[in-house]
Every structure is written in structure tokens, then in C-alpha cells.
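Please open the structure in your viewer and keep the selection panel at hand. The stops below are meant to be followed in order.

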Amino acid sequence: MSNKLLPNANVIIKGTKEGLTLHLDDSCSFDMLLEELEAKLSANMKAPENKPSISVRVHTGYRYLTEQQESRLRDIIAAKKTFKIEGIQSNVITIDEAKSQREASEITSMAAVIRSGQVIEVPGDLLLIGDVNPGGQVSAGGNIFILGALKGIAHAGKYGKLDSVIAASVMKPSQIRIGDYLNGAPEPNSEEQSGMECAYVDNGQIIIDRLQILKRIRPNLNRFEGGF
Amino acid sequence: MGEAIVITSGKGGVGKTTTSANLGTSLAILGKKVCLVDTDIGLRNLDVVMGLENRIIYDLVDVVEGRCKTHQALVKDKRFDDLLYLLPAAQTSDKNAVTPEQMHKLIGDLKQDYDYIIIDCPAGIEQGYKNAVAGADKAIVVTTPEVSAVRDADRIIGLLEKEEGMEAPKLVINRIRSHMVKNGEMLDIDDITTHLSIDLIGIVVDDDQVIKASNQGEPIALDPNNRASVAYRNIARRILGESIPLKPLDEEPKGLVAKLKKFFGVR
Ligand SMILES: Nc1ncnc2c1ncn2[C@@H]1O[C@H](COP(=O)(O)OP(=O)(O)OP(=O)(O)O)[C@@H](O)[C@H]1O
Ligand SMILES: [Mg+2]
């Protein structure tokens, strides 16, 4: 009955400009935490009916929440109609999450011709040194950079990263996809295309433009730190 | 210990059988001991093109199923003094009668006795293809200057590159027609080789004599004066390691060559 002895010790509520932050202790048991949270929210937060809802941020410290625990937590907070959960933050992630986060930010490079019937898929960015032939396909969770001719299919931002781009020395794709957006083969350029080109999503459609435009519209591609 | 070369293409009718027959013949002319193996079970015709159809007694399936010894099934080409043999495909069984493991063993055995084993592969990428490449050390991919044939060649090259222990495949462009290339109606050699990015080992013109020779069971390579024949013999010499420059059309009369070079982008 430690929560009786030390009331209010495991849930600390702080008010901020944006709303409330709930700091949840990470060493007590999860059930104890929920119990206390429940009690505290019902006791102290009897807000008037027609007030706008209050944003709530949750910090779980070094406690890792399983999906099930997280949804129980959300249920308790959401049951009090006054609150809207903005986000749940934790200082810890699982090894799997850490791995996939690292993979998603990694560039995989390969020197190969992706031929008809071949499919290459990477979780992060792809740097391909070689062509993608018609009938071949490359896809990436992030960006795709091709030092060669893109004549097959390229799918960037496969899991929904819509700011992903596709760049190629020669852009003659049979199909381009970024996230869920899709572009068939672009109209054959009447004049021979002179430089490298890129594809990106703007206003809900895929645009193909000269490569140089990327530094302006996708500054996040720049990972160089320091001056030059 | 000999070397096994599979002749393949993906797309049908581009000239695998013609190339097999003529490379086998050319290698024999150059004094090598050659065994042709037809793996196109159910649709055999290498025997017809070689003019050996009437002398078949046993076939490939008889050999792998143990109904005869390998040497009993080999048909000797009497035009050559003990240099050229054919192991015919079965006409009645279906493709699944043979497994890649059986082929591997069979080709391995033949390599003991022959300098070159030329394996004629069926069209497609299924069982027949898998059987044909199973025992091969090298591959020659045949294409014609058509988009669909090049597309299928690309697919096959992708598969061949995954075969363990197989050397990078070499390309034969068959049935080039100079006037159509000139008029831009056909892909030119540069287009094809940059697209497929593998080494070119030969270019063969489209020539009615090839068809006529095949119909008579006398491979064109037996005729020293024909343009296609020269092309096949040159491929055979390149297989033997000779370096013979690849001209756009191996046998066009001079003058015209220079003109054509422009169209082929050869400097
Ligand atoms: N260089 C050439 N000039 C003219 N005709 C040719 C040439 N090469 C092949 N042919 C003809 O093209 C036809 C198809 O050739 P072939 O049978 O060798 O192809 P294939 O690839 O073995 O076909 P399949 O896939 O059915 O086994 C034949 O009639 C053959 O005579
Ligand atoms: Mg054939």
C-alpha cells in the first residue's frame, strides 16, 4: 500500500503553456501507476463541461511501454473527456526499434545493373551505381539516387516518407512512385534531356525537374555540418 | 577437361539452335572435339538443323534414366573425323523428365571426353532453362535487334549472373539487317550493348542462306564464303581466345563498312 503511504509520488502533473505534462515514475509497478493516475485525474481535474480540451503530454522516463500498456494508458486519459493526448515520450526504445531507425537513416550503396525481373529494396536511402533496366525495380524507405539510367520502376518513400526524392543521371522511368503517389512514364522530352533530373512530391503530385532544384526544396538532404 | 557453354535467350525463335549448330560446327572445323547437347525436350530440332535426325537411336532422357550408356546415345557427325557429336533431346517426354542434378552429372561426364560441350537451351525461364544451365561453365545469350528480345535477354542475364560458378555471359546479336538499322527501324548494336552491359562476342547478319542451310541439314558454317558463316567462325575463334576485332558487320564489303560504322556509332 505504498501509494497510501506516499500519496501522489508516482504521477507528477505539470502545467505548461501548451497544456499539461504528466511525468510518470519509471520504477513503480505499472498497475500502481495506472491506479494513481486514474485517481489523480478524477480528483483534481474536474474541468467545466464545455471548455476546450487540454493537451496532455506523457513522459514515461526510462519505462518501456508495450503496445498493450500504451493503449491502457491512453484509455485512462481519454476516458476523461477534458484531455487530448499529444504524445507519449520515453527515454528508451527496443533494440528492434533502434535497429530499424538506424536502417531507415542509412544509405545502402550498390554497384549493379538491376535487370528485368529483379527487385531491390532497402529500408533507408539507396545509392545505385548502375542502371535500372525496363522491368527492373528499386524501392527505398527514403531517397533513391541513381548514378546511371533509370529505365524501370523506382519507388521512394515506400513507407510514406513523402519528402523522399528520386534522382538519376538519366531519367527515363517506366514508372515513378513516391509514397502512394504514382507517375507513369513521363512524356518523352522532345529535346534530348541534358542534365541529371530528380522527382519529388509537390502539392499532391510528382514533379520531375532538374537535379539542382533539390538543394532548395529539400534542404533536409543536406547532412553536411560546418561551413564551406 | 572440357568446357560447357550454354546457348540461351529467354525469348523464343531468336536463333539459339542455329547458333548452337554453327558454333559446334565451327569449333569442329577448328579441330576441337565438340559435343552438342539439345535440352529442348519435346521440341527438339538441333538434330534437324545438323542433318542428323535420321540417325537418332537413343536420346537425353534415355541416358539420364539409364536406358542406355551415354556413348550409345551420341550421334556422330560423319562430316567430321570423330570431332563432332550430338546428344539429341527426347521428343516424346516432357521437360520435367530431367532434373538439374542429372544434367549437372551428365555434362560433367561429357567434359571428360570433349573440349567443348555446346548446350542448346529451350526458350523461357522454367525447368528447361534450369536444366540447360545446370552443368554449364559459361553462357552465350542470343538476341535479335528487337525490343522484346533485348528485354528477355536482360531477364536471362539477370538470372545467369546469379548462377554460382558461372562466368559473366557473352552476347551474340543475331539477324542484324543493315538497311533497317540504317533507317533507324532497328535497335543498333550500341543501344543493345550499353543496355545489357555485357561483352559482345559476335554479330550475325540476317541471311536467307542460313534458313536454307538449316532446312537442308547443312549448317551455314560449313560454307566458307557466306557472311553469316564467317561471323559464326569468328565467334568460335573468340571462344578459343583469339582476339578478332568486332566489326559492325563482320563481312560487309569494304566502303560500306565505313559508312555503316557511322550508324553503329563505332569510331
Ligand atoms: N542469322 C540468321 N539469318 C536468317 N535466319 C536466321 C538466322 N538465325 C536464325 N534464323 C532463322 O530463325 C528461325 C529461328 O531460329 P532458331 O530455331 O535457331 O531459334 P531458337 O532460338 O532456337 O528457337 P526456339 O526458341 O524455338 O528454340 C529459324 O528459321 C532460323 O533458320
Ligand atoms: Mg531452338
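**Stops around ligand 1**

Begin by selecting B:Arg175, where a polar side-chain atom lies 2.9 Å from an oxygen atom of ligand 1, a polar contact being a pair of N or O atoms within 3.5 Å. This is a predicted model, in which local features need pLDDT of at least 70 and side-chain atom pairs count only at pLDDT 80 or more, while totals for chains, interfaces and linings use all residues. Residues are numbered from 1 along each chain as its sequence is written, chains are lettered from A and ligands numbered from 1 in the order in which they are written, and side-chain values use heavy atoms, with hydrogens and water left out.

Next select B:Thr17, which places a polar side-chain atom 2.7 Å from an oxygen atom of ligand 1, and then B:Asp207, where a backbone N or O atom lies 3.0 Å from a nitrogen atom of the ligand. Taken alone, ligand 1 exposes 630 Å², and the protein buries 80% of that (accessible areas come from the Shrake-Rupley method with a 1.4 Å probe).

Now select the whole shell: 17 residues surround ligand 1, and the closest are B:Gly13, B:Lys16, B:Thr17, B:Thr18 and B:Asn174, where a residue counts if one of its heavy atoms lies within 4 Å. Finally, colour helix H1 (16-29) of chain B, which gives the most to this shell, with 3 residues; helices are DSSP runs (H or I) of at least four residues, numbered from the N terminus.

Technical notes
Polar contact = N/O pair within 3.5 Å; in protein donor to acceptor, adjacent residues only side chain to side chain. Helix = DSSP H or I, 4+ residues; strand = E, 2+ residues; numbered from the N terminus.
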